[in-house]
Amino acid sequence: MWDLEEQLNPFPGLRAFEPDEDHLFFGREVQIDELLSRLRRTRFLSVVGTSGSGKSSLIRSGLIPSLYSGFMAKAGSSWRVAVMRPGGDPIGNLAAALNQPQVLGGDAELADMTRALLETTLHRSARGLVAAVRQARLDEGENLLILADQFEELFRFKQNSRIKDSKDSALAFVKLLLEAAQQDDVPIYVVLTMRSDFIGHCTEFPGLAEATNDGQYLVPRMTREERKAAIVGPVAVGGAEIAPRLVLRLLNDVGDDPDQLPILQHALMRTWDYWQHHHSDGEAIDLRHYEATGTMQEALSLHAEEAFRELESAAEQRIAELMFRGLTDTGSDARGVRRPLPLGEICELTGAGSAAVVKVIERFRAPGRSFLMPPAGVPLNDESVIDISHESLMRTWRRLIEWVDEEARAAQIYLQLSKAAALYQEGKAGLFRDPELQIALNWKDKNEPTEVWAQRYDVAFERAMLFLKYSEKERELEIAEKERRRQRELQMARRMMLAVVAVAVVVLFFGMYALQQKVKADEAATEAVLAQVEAEQQRDEAQRQKLEAEKQRQLAERERVEAERQRERAEEETRRAEGERLRDE
């Protein structure tokens, strides 16, 4: 049975391995040896690879521990390592990295002054880095390694027209690194990591393309055996066992895509956590633990969504949305590039206080969650640089994908608005009209843009908002004018209607009068017809009665004639009888 309390999770998740985690870093031994060989030869090493190929981990947990161990021949094992990222102030960030106590810094009470002096020295000339190291008076046999991680940030910085002298500052920063690596007075070594899809930008800096070609190391794809070592090795160090069928499933799920490596590390971290709390005695890490986390396909998105849903209010969720939108840049790469921001700037961007923002950050960098950097336990202040631990979060967490899409649409509308405002100011275009105006107003209502947010895309925020305000006012005036015209037309229509009604009433009156007269005439005609009919009926009745009387008369005449005939017959009979009687006598 394993002791859970002693089994710390050996997988870092999305973040890169750190130098003190080299005992957990497996599968890169061949590459580490090659890096040592190239760095010894060139002093300027550019480690290039796709996003998720493990560049940062290879240097931090592979090369640097090897240097500390003295594996680079003739250089010794005494190293001072300055780790920095160009960000939004390359030379300033280099000065801050050099100012660390374990590098060139000294007394903590003098840290601010020392950093200012270092930055001044760096700005002084192309050999400013050499001068700063010389002034530090390193001990005999000590070496300085400058690690410029995420070097592609320099290209975005150079193209940022909103930062004064960004191009000159970027060029000066590259010259500092090249001069330091090319001289032999002090032992300075330079290593930079860069996404391979940005390598073409090196041609924008004199000498950088040549130095990159001479010291380039393209991180190779891990073989299946190396990936297996990266899975099995940390589990063994952690004191556990992993079922062979789960190893096979993981190797098949990760495939040959190097972008899946950080997602694999995160899935393993989640699987380990689940196994620790749900395994039976003696049970190895197995398929049921892996599938319970959602596998590589869903584990990262579900984990991030879990952290989001733990936020206690809609206000905290809104802070999280604005923060992650601010930490993601899709301007230079549709897949997304990290945009680290100081905590103070995130507070301005979200409109929230430092305590509220830190509370949200802690949800996403809690132990077992490595979505944000610095890692859990590192104190935060307004100068602390907050960053997404890896780009894979941008491509996997569904909610963040939606946020980034919304941010891109909001930025596009704002840039269109700002461009229209500039043209209007120059007299080359008019105010916004519908539908563009309504789209811009909807954007404003939904996103509630601030000047801090707008500075990321175009500094003329006030001009753009005034342009939008004037456009809306102009539309309101047009609507008011249309309403006045409508009212006038309505009044005219009402007057016309009254006139029409009046005419209609008169016409109706005369019509009714004529109708009444017609009705009377019709009634008189009807009565005449009825009288005529009645007269004809009476005439017919009289005629009938006349005919009946004539019939009766004729009948009486026939009866009289018949009676006369009978009388005559009776008289004839009487005479005949009298004659016979007379004859008989």
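Arg576 and Glu573 form a salt bridge in which the closest N and O atoms are 2.7 Å apart, a salt bridge being a side-chain nitrogen of Lys or Arg within 4 Å of a carboxyl oxygen of Asp or Glu. The two residues stand 3 residues apart in helix 21, so about one helical turn separates them; helices (H or I, at least four residues) and strands (E, at least two) are DSSP runs, numbered from the N terminus. Arg576, at 37% relative accessibility, counts as partly exposed, and Glu573, at 42%, also counts as partly exposed, where buried means under 20% relative accessible area, exposed over 50%, and partly exposed in between (1.4 Å probe, protein chains only).

The model is predicted, with local features requiring pLDDT of at least 70 and side-chain atom pairs counting only at pLDDT 80 or more, while totals for chains, interfaces and linings use all residues. Residues are numbered from 1 along each chain as its sequence is written, and side-chain values use heavy atoms, with hydrogens and water left out.

Side chains of opposite charge can pair when their charged atoms come close. The structure holds 56 salt bridges, and the table sets out three of them with their N to O distances.

| Salt bridge | N to O distance |
|---|---|
| Glu310 and Arg363 | 3.4 Å |
| Arg325 and Glu407 | 2.7 Å |
| Arg576 and Glu573 | 2.7 Å |

Glu310 lies in the loop between helix 13 (295-309) and helix 14 (314-326), whereas Arg363 belongs to helix 16 (residues 354-364), so this pair ties together parts that are 53 residues apart in sequence. Glu310 is partly exposed at 32% relative accessibility, and Arg363 is partly exposed with a relative accessible area of 26%. Arg325 in helix 14 and Glu407 in helix 18 (residues 398-425) form a pair that ties together parts 82 residues apart in sequence; here Arg325 is buried, with a relative accessible area of 5%, and Glu407 likewise counts as buried at 5%.

The backbone also has some details to follow. Most residues other than glycine have a negative phi, and most peptide bonds are trans. The peptide bond from Met373 to Pro374 is cis, with omega near 5°, and Pro374 lies in the loop between strand 9 and strand 10 (385-388). Another cis peptide bond runs from Asp434 to Pro435, with omega near 10°, and Pro435 is found in the loop between helix 18 and helix 19 (436-447). Asp165, which is not a glycine, has a positive phi near 55° and sits in the loop between helix 6 (153-158) and helix 7 (166-182). Glu448, also not a glycine, has a positive phi of about 45°; Glu448 is placed in the loop between helix 19 and helix 20 (451-454) and is exposed, with a relative accessible area of 58%.

Met497 is found in helix 21 (residues 461-584).
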